[in-house]
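Trainee: Please take one part of this and look at it closely. Then connect it to the rest, step by step.

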Amino acid sequence: MFDNEESKLKKGDIIQIKVDKYAFEGKGIGKVDIEDSSENSDLDSFIVFVNGAYPGDTVSAKIKKLKKTYAEARVEEVITPSRQRVQPRCKFFETCGGCKQQDLNYAQQIAYKQEQVEDIFKHDGGFLDFEIENILPSENVFYYRNKMEFSFSDLQWLTVVDDKTVSNKGFFVGLHVPKNFEKILDIDECFLQSKLSSHILNFSREFFIKRNVSIYSTKTHSGYLRNLVIRQAQKMNGLMLNLVTYEENELLMKEYVSAITTKFPEITTIVNNISKKKASIAVGDYEIIYHGSGFFHDKIGDYKFRISANSFFQTNTIQAEKLYNTALEYVELKGDEIIYDLYSGAGTIAIYVSQFAKEVYGFESIESSIYDAKENLDINKIENVSFVQADLYKSFLPFTNVLPKPDVVILDPPRGGMHSKTVKDVLELSPKKIVYVSCNPSTQVRDIKLMVEGGYKLVKIRPVDMFPHTYHIENVALLRKIEHGPDLAADRLNGSIGFVGN
């Protein structure tokens, strides 16, 4: 490949390019022919990743980054659109970072997600001899989220709305645009949660504007309003408002609660989380309940779960059932198995599989999640599940000394995947099967490669689409212990198998 410094392509150039492939995170891939500066003066193909383009598009794109072997560009104009392009439903689509693929046919969205998971496992992981099942599409393409987190700000991202110039300073509540934590997109509708959610958002905005309520600033560390979090049951009746503020204001909260519950009687509980943190996270140091019980319930399958303001719960309730059914199908339980559920959260997976196992032990580091999990055991009258508080960034093996060894280990870690110590611990336990549920196939593959080095075989995988119009993909993988393979325990203990992390 030629040196870009000698080529005619420069940063800031506008090029016309036909896109023929699709890369992860919504980048189309195309090639441009550039004259080589060598004596032969042949045309050389140069790869360009085009943000906002799809296979079948011909676009005008601006070069943003230039490397030796490739360039990155952004769409300036779609000259000839792909047949798979559709009209986005939301007027904020171009600006909001929430739905990056709303202009792409949903059937094509899941086809690309299937391809991406396959590519990650085959090319990044080097796996060839395993089964790839078809992706499970989302039952609902819009209004599928049970939780939305809105932010208050006195700085607006847009200065032109509906062709009218508006001030970028004032009172705004909506969503942060990508890579900006100060300015927000002031929205009046969102198609990810329910229509009722948008109505509540707009009512809240007008309520606080009329009363000149201040907005918290990270620069001055003062102001009142921080976040409005709406959580809504999808299979039961329950709707929670969580207003996150910098300080208490009982008089204002009581007025707000009275007004909004009168307007929207569907609201079953309202809490006020008070956060003194500078960090922009919608979790308070403590909470005050102003209406209802401070929690509500929803169901996954036949099981009911308690959801409080800060507890984790799968964001797409209906699709979570498909995800858990896939994991349950992969486990192939007979009823006499001991199961360890790592990163168990509020116990949703542990409880979901409990009916088909002898005993289930959930391991979780967050104390509040353990509390929610135990509450969920009581609600569902389950007696064969126990929860252990253990830091999964350290060895959890000492907690297992008094427990029976597992036949199956189920894993559902955060996006960063598993810590190397946790991988080692799972291999040391040597379960017959491992079912790995992941929201990040890239880190999942990294961990699975280590498990395969440790004596396991990747049997099959199945992607599940939990988040239409986004790049996010859930994936379930089944690994089985190689019964008569080499004993690698000594190698693991001696460190001869390479592990990622500290």
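Mentor: Start with Tyr143, in the loop that joins strand E6 (131-132) to strand E7 (147-155). Keep in mind that this is a predicted model. Tyr143 is not a glycine, yet its phi is positive, about 55°. Is the residue buried, partly exposed or exposed? Its relative accessibility is 25%, so Tyr143 counts as partly exposed.

Now take Lys381. This residue, also other than glycine, has a positive phi near 55°. It sits in the loop between helix H6 (367-380) and strand E20 (385-389). Its relative accessible area is 72%, so Lys381 is exposed.

Glu332 brings us to a helix. Its phi is positive, near 55°, and this residue follows H4.

Look at H4 itself. The helix runs over residues 317-331, which makes 15 residues. What span should we expect at 1.5 Å a residue? The answer is 21 Å, and the end C-alpha atoms are 21 Å apart, so the two agree.

Next, its surroundings. Of the 15 residues of H4, 11 are buried, so the helix is largely enclosed by the rest of the structure.

Step back to the chain. It has nine helices and 24 strands. Of its 502 residues, 53% count as buried. Take contacts between residues at least 6 apart in sequence: 65% of them join residues at least 24 apart. The accessible surface comes to about 23600 Å², and carbon and sulfur atoms account for 48% of that.

Phe24, Arg415, Cys439, Asn440, Pro441, Tyr471, His472 and Ile473 line it. Five of these residues are nonpolar, two polar and one charged.

Tyr471 leads on to an open space. This residue is one of those nearest the centre of the second largest pocket, together with Asn51, Gly52, Arg74 and Lys100. That pocket contains about 1100 Å³ of space. Its lining has 35 residues. Which strand gives the largest share? E5 does, with seven residues. Strands E3 (43-51), E4 (58-66) and E5 (70-80) each supply at least two. The lining divides into 15 nonpolar, seven polar and 13 charged residues.

Conventions:
Residues numbered from 1 in each chain as written. Predicted model: local features only at pLDDT ≥ 70, side-chain atom pairs only at ≥ 80, totals over all residues. Heavy atoms only, no water. 1 Å grid on protein atoms, 1.4 Å probe; cavity = no way out; pocket = protein on both sides within 12 Å on 5 of 7 lines; lining within 4 Å. Nonpolar A, V, L, I, M, F, W, Y, C, P; charged D, E, K, R; others polar. Helix = DSSP H or I, 4+ residues; strand = E, 2+ residues; numbered from the N terminus. Expected span 1.5 Å × (residues − 1). Buried < 20%, exposed > 50% of the residue type's maximum accessible area, 1.4 Å probe, protein only. Contact = heavy atoms within 4.5 Å. Areas by Shrake-Rupley, 256 points an atom, 1.4 Å probe, with all protein chains shown as cover. Points joined across faces, edges and corners; volume = space filled by probe spheres on them.
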